[in-house]
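Good morning, colleagues. I would ask you to bring the model up on your screens, and we shall go through it together.

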Amino acid sequence: MDNEMSHPMAPAAGGYDPKVTPMSIATISSGFEKGDFLVREEKGQRVYFDFFEEAFNYIAYKGYIRMSKEDEMEWMDTMNNVHASVKGGMKYNTGKLLMVLYRPIPEAQS
């Protein structure tokens, strides 16, 4: 028997496909003066932490789960390309992107 518990919205458990279902992403990055780790989440909210575990637990308690390696790499490539496309470079320190997480957006109630 497999001892790993899966998230109810994970692809294997509930058929969730982040490519066709609306989702919100959050990121954990490092390399900032205010704190060693930064969580960026919905609506531009930014929260700094001194320890990675604190950053990860903060975002996990909000319902975000880590993407598959393939999807995470696709998002990282996309964000790196977006940052590189800004003429003259990004205005703010973007840090080093460490992890991309997602949370399904609940369907609108009718």
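Five strands form an open sheet, in the order S3-S2-S1-S5-S4, and their pairing is antiparallel. The edge strands are S3 and S4, the latter spanning 65-66, and each of these pairs on one side only. Please bear in mind throughout that this is a predicted model.

Let us look at the pairings in turn. S1 and strand S5, residues 96-104, run antiparallel and are joined by eight bridges. Within that pairing, Ser24 stands opposite Arg103 of S5, and Ser30 has Lys96 as its bridge partner in S5.

Read from the N terminus, the elements follow the pattern α-β-β-β-α-β-α-β. Helix H3, residues 69-84, lies across S1, S4 and S5 and runs at about 120° to S5.

Which residues make up the largest nonpolar core? There are 11 in all: Ala26, Ile28, Phe37, Val39, Val47, Phe49, Ala55, Ile59, Tyr64, Met99 and Leu101. S1, S2, S3, H2 and S5 are the elements that give two or more residues to this core. A second, separate core holds eight residues, including Met23, Met67, Met76 and Tyr102. In soluble globular proteins, nonpolar side chains tend to be buried together.

Met99 deserves a moment of its own. Leaving aside neighbours within four places in sequence, Met99 is in contact with Ala26, Thr27, Ile28, Phe52, Phe56, Arg66, Glu72 and Met76.

Is Ser30 buried or exposed? Ser30 lies in strand S1, residues 23-30. Its relative accessibility is 18%, and the cut-off for burial is under 20%, so Ser30 counts as buried. Not counting residues up to four places away in sequence, Ser30 touches Asp36, Phe37, Gly95, Lys96 and Leu98. Lys43, by contrast, is exposed, with a relative accessible area of 87%. Lys43 sits in the loop between strand S2 (37-40) and strand S3 (46-49). The phi of Lys43 is near 60°, a positive value in a residue other than glycine.

Some figures for the chain as a whole follow. Of its 110 residues, 30% are buried. The chain exposes about 8,000 Å², with carbon and sulfur atoms supplying 55% of that area. Among contacts between residues at least 6 apart in sequence, 56% join residues at least 24 apart.

Finally, a word on confidence. The average pLDDT of the chain is 80, and 80% of the residues score at least 70. Where is confidence lowest, and where is it highest? The lowest is in helix H1, residues 11-14, at a mean of 43, and the highest is in helix H2, residues 52-61, at 96. Over residues 1-15 the pLDDT is below 50, and this stretch has 14 contacts in the model beyond near neighbours in sequence.

Thank you for your attention.

Note on methods. Residues numbered from 1 in each chain as written. Heavy atoms only, no water. Helix = DSSP H or I, 4+ residues; strand = E, 2+ residues; numbered from the N terminus. Buried < 20%, exposed > 50% of the residue type's maximum accessible area, 1.4 Å probe, protein only. Contact = heavy atoms within 4.5 Å. pLDDT = per-residue confidence, 0-100. Areas by Shrake-Rupley, 256 points an atom, 1.4 Å probe, with all protein chains shown as cover. Pairing = 2+ DSSP bridges. Axes fitted to C-alpha atoms, helices over the stretch in contact; angles between N-to-C directions. Core = buried A, V, L, I, M, F, W, Y, C linked by side-chain atoms within 4.5 Å.
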